[in-house]
Amino acid sequence: MTIRPIIEVPDPRLKTISEPVVEVSDATRALMDDMLETMYHANGIGLAAIQVGVAERIIVMDISPSYREDDAAEAETEAETEVEAEDDKDDEEAAEARRWRDLLKDEKPRFFVNPEIIWTADETRNYQEGCLSVPGFYDDVERPAQCTLRFLDYDGAPQEIDCDGLLATCIQHEMDHLNGIVFLDHLSRLKRQMVIKKLQKAEREKADQAAQA
Ligand code: QAP
Ligand code: CO
């Protein structure tokens, strides 16, 4: 399994409408394994294929509670540590191995291929969302509180599930990615522009630092 780079807003690829998967093959499963590892590595709870630059209708998810604890704070310190430990690969790998061991203890990953929301509740819910493609920013999004999802599982078998709570929210957030939508698109133009500017500035500073090194 390989950790793949996660693309971030305002990368235009995030606006792509992803294509249905024709057959859940070993290649599809290899991609899903990579996506899951990439998501765990970044302390995420959900990831769509387009976030690693692959325009296929695939989502991976793990919302198990122990894993979710304080993921934002953890991801930030982790990002810093990783930058500092850039030339200390052994330490980084050891930390990674430990993180994996901890995660695997109660791992409950979910895989969704060609997912379709076939029902949504009239009742809505506000949830504070984040996104691995919008690092460091969180805001409330209102979405249907429950939904029913039809999809193909890891083995390519058709499934249908009723979703509620964080699962319902996360599914709808990830479904948006398959249709070229990020959660910022649900916020005001002003907020969206502000976040995009901040991310662009951070990106420039990173590039400058790399150039000086
Ligand atoms: C989508 O998002 C989601 O900014 C999944 O610094 C999130 O996994 C749907 C993350 C919440 C519903 C509610 C974001 C990690 C992870 C960050 C994620 C960060 C570290 C986001
Ligand atoms: Co997202």
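F112 and F151 are both buried, where buried means under 20% relative accessible area, exposed over 50%, and partly exposed in between (1.4 Å probe, protein chains only). The model is predicted: local features need pLDDT of at least 70, side-chain atom pairs count only at pLDDT 80 or more, and totals for chains, interfaces and linings use all residues. Residues are numbered from 1 along each chain as its sequence is written, chains are lettered from A and ligands numbered from 1 in the order in which they are written, and side-chain values use heavy atoms, with hydrogens and water left out.

**Aromatic pairs**

- The structure holds 3 aromatic pairs; rings of Phe, Tyr and Trp (its six-membered ring) pair if their centres lie within 6.5 Å, and planes under 30 degrees apart count as stacked, over 60 as edge-to-face and the rest as tilted.
- One of them joins F111 and Y154, and this pair is tilted because the planes stand at 50°, with the ring centres 4.6 Å apart.
- F111 belongs to strand 3 (residues 110-120) and Y154 to the loop between strand 6 (147-152) and strand 7 (158-163), so the pair ties together parts that are 43 residues apart in sequence.
- F111 is buried at 14% relative accessibility, whereas Y154 is partly exposed at 26%.
- F112 and F151 form an edge-to-face pair, with 4.7 Å from centre to centre and 75° between the planes.
- Because F112 lies in strand 3 and F151 in strand 6, this pair ties together parts that are 39 residues apart in sequence.

**Cobalt site**

- C131 (SG), H173 (NE2) and H177 (NE2) coordinate the cobalt ion (ligand 2) at 2.1 to 2.3 Å; donors are N, O and S atoms within 2.8 Å of the metal (3.2 Å for Na, K and Ca), and water is not among the atoms, so sites may look incomplete.
- Along the chain, the donors of this ion follow the spacing C-x41-H-x3-H.
- Helix 5 (residues 165-178) contains both H173 and H177, which are 4 residues apart, about one turn of the helix.
- H173 is buried with a relative accessible area of 6%, and H177 is buried at 0%.

**Helix 1**

- Helices (H or I, at least four residues) and strands (E, at least two) are DSSP runs, numbered from the N terminus.
- Helix 1 (residues 26-41) is mostly covered, with 12 of its 16 residues buried, among them L31, M35 and Y40.
- After helix 1 comes N43, whose phi is positive, near 60°.
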